[in-house]
Amino acid sequence: MTDFAAHARDRAQHFLTLLAQWVAIPSPFDAASLQPDAPFGRGVADALSWWQKLGDDAGLNTLNVDNHAVHIEYGSGEEIVYVFGHADVVPAGDGWHFPPYQLSRLGDNLIGRGVVDDKGPMIAAWLALDILRELNLPLSRRIRLVAGGNEESGFRCIRRYFESQPQPAFAFTPDGKFPVIYGEKGSLLVTLTSPVEQPGLTVSCGSVLNTIPDVARLNGLSLSSGGWTLSDGFTLLAEPGQINHWQLYGRGGHSSKPETCLNPIAGAAQLLHQRFSARWTQQLCEITAPETGQSGMQFALNTPGECGQILLVPVVLNIKNGMVSLTLNVRYPENLTPEYIAERLTLWNLSWPDSRISIEPVKSPSLYPPDSALVKTLHEIYTRHTGDTNHPSRTTGAGSYASAMQNAVIFGCEFPDGSSGNTHGADEYGSLSRFISAIGIYAEALYRLANLPAAPSDNTR
């Protein structure tokens, strides 16, 4: 048996070089620089061009699909094994101790925006393919490594890609955790708007629809009369030289993991309700309360499915010109539907006749058979490389490209040991030694999937 792990260790310096190059290209969605050749902004287009050049320089076939996604292809055969990740990142945001778009190293930790989500994992997949090329191992299927440009802000990239490209025989996205994640929640966006009786009040908190922000900025809010308190963990600071201007600090992060965060939107709602005790602040408190609103209990939506329980996570709050607008990132299990969620929220909203709720579906839930050849093969590879028998294959509350293509699951690149973190937050980090382990795991995974006897016919979604 080929020692893929040994070949991976030989590529540590190459991994660092490539990751430093790609992290140095800021690639969040940028509406200000949209062009026909940059439908998600200039930074994303530059990051996709970097990926294509990687393949071109290696002499492999590459394809840019309508500036939405770029693939690098190796091998031959009618069927295709895909690794589908993404080149776009969330904005850097506040609170960094290191330059977000410069790869920093602190011992074994690599720090920078996109290190874990999803540039590091994609480079690990690229170097895994490099191992197969170097060894000239026989493959019965082609392998495509695809980088999308719109994973963080809408999935338009992967949808456009598969309008013209064939679906996979087998696929995984390296955009989650090991060992194997075979099911994930659906997602939708809920926006609540309502009039505010305090026209001089402005609040700004959050801008990214799948990220819990770190800080809320409240202007025109007088707190000199007292009679208010902050919930545990929040910090309120006055803006220097400004009267009644405040910054409320919490702890941000990925909207699929609200339990690790301290959401400043919920903190701001509580503070505003103590100050004004208005109908709109009561509504804001109910829908943002972690225990009842976020959990779905307030709306009788908290019945769990195989993919877990619904989460209604506040991600963007804006108050200006006498109106409040709140956006929730909703992640729901397979036993719920957007229609039923809308029905329950609309029923709750009847108590506030001046407010309006709108719902925008993003993606459906997905479940792939856990006893399938794909899941069993990948899990066996992970276990043999790591010796970890304590973590079974499972489902997740996060959303990934796996739900948008056939015969696909999530496979890494984060290990279940806390060696990476702060995804979507400041000082995003990952372990170099774990990335090197992932290269070996991915090399064997690509080799095995490209040679499995037959593609599965069962693709439950």
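**Cavities and rings**

Reader: How do the residues of the lining of the largest cavity divide into nonpolar, polar and charged?

Author: The lining of the largest cavity has five nonpolar, four polar and two charged residues. Nonpolar here covers Ala, Val, Leu, Ile, Met, Phe, Trp, Tyr, Cys and Pro; Asp, Glu, Lys and Arg are charged, and the others, Gly among them, are polar. The model is predicted, so local features need pLDDT of at least 70 and side-chain atom pairs pLDDT 80 or more, while totals for chains, interfaces and linings use all residues. Residues are numbered from 1 along each chain as its sequence is written, and side-chain values use heavy atoms, without hydrogens and water.

Reader: How many cavities of 30 Å³ or more does the structure hold?

Author: Rolling a probe the size of a water molecule over the atoms shows where empty space is left. A cavity is a set of points on a 1 Å grid over the protein atoms alone where a 1.4 Å probe fits but cannot get out; lining residues have an atom within 4 Å of a point. Points join across faces, edges and corners, and volume is the space filled by probe spheres set on them. The structure holds two such cavities of 30 Å³ or more.

The largest has about 70 Å³ of space. Its lining consists of V116, P121, C413, E414, F415, S419, S420, G430, S431, R434 and F435. Two or more of these come from each of α4 (115-135), β23 (413-414), β24 (429-431) and α10 (432-449). Helices (H or I, at least four residues) and strands (E, at least two) are DSSP runs numbered from the N terminus.

The second largest cavity has about 40 Å³. Eleven residues line this cavity, and I181, Y182, E184, S366 and A402 are the closest to its centre. Strand β9 gives the largest share of that lining, four residues.

Reader: Which ring does the charged end of R434 sit over?

Author: A charge sits over a ring if NZ of Lys or CZ of Arg is within 6 Å of the ring centre and within 35 degrees of the ring normal. For R434 the ring is that of F415, 4.3 Å from its centre. Both residues also line the largest cavity.

Reader: How many aromatic pairs does the structure hold?

Author: A ring pair is described by the distance of the centres and the angle of the planes. Rings of Phe, Tyr and Trp (its six-membered ring) pair with centres within 6.5 Å; planes under 30 degrees apart are stacked, over 60 edge-to-face, the rest tilted. The structure holds 22 aromatic pairs. F178 and Y382 are stacked, 5.5 Å centre to centre with 25° between the planes. F178 is in the loop between β8 (176-177) and β9 (181-184) and Y382 in helix α9 (residues 373-386), so the pair ties together parts 204 residues apart in sequence.

Reader: Is F178 buried or exposed?

Author: Buried means under 20% relative accessible area, exposed over 50%, and partly exposed in between (1.4 Å probe, protein chains only). F178 is buried at 2%, and Y382 is buried at 1%. Elsewhere, ring pairs link Y82, F84, F155, Y161, F162 and Y401 into a cluster.

Definitions and conventions: 1 Å grid on protein atoms, 1.4 Å probe; cavity = no way out; pocket = protein on both sides within 12 Å on 5 of 7 lines; lining within 4 Å.
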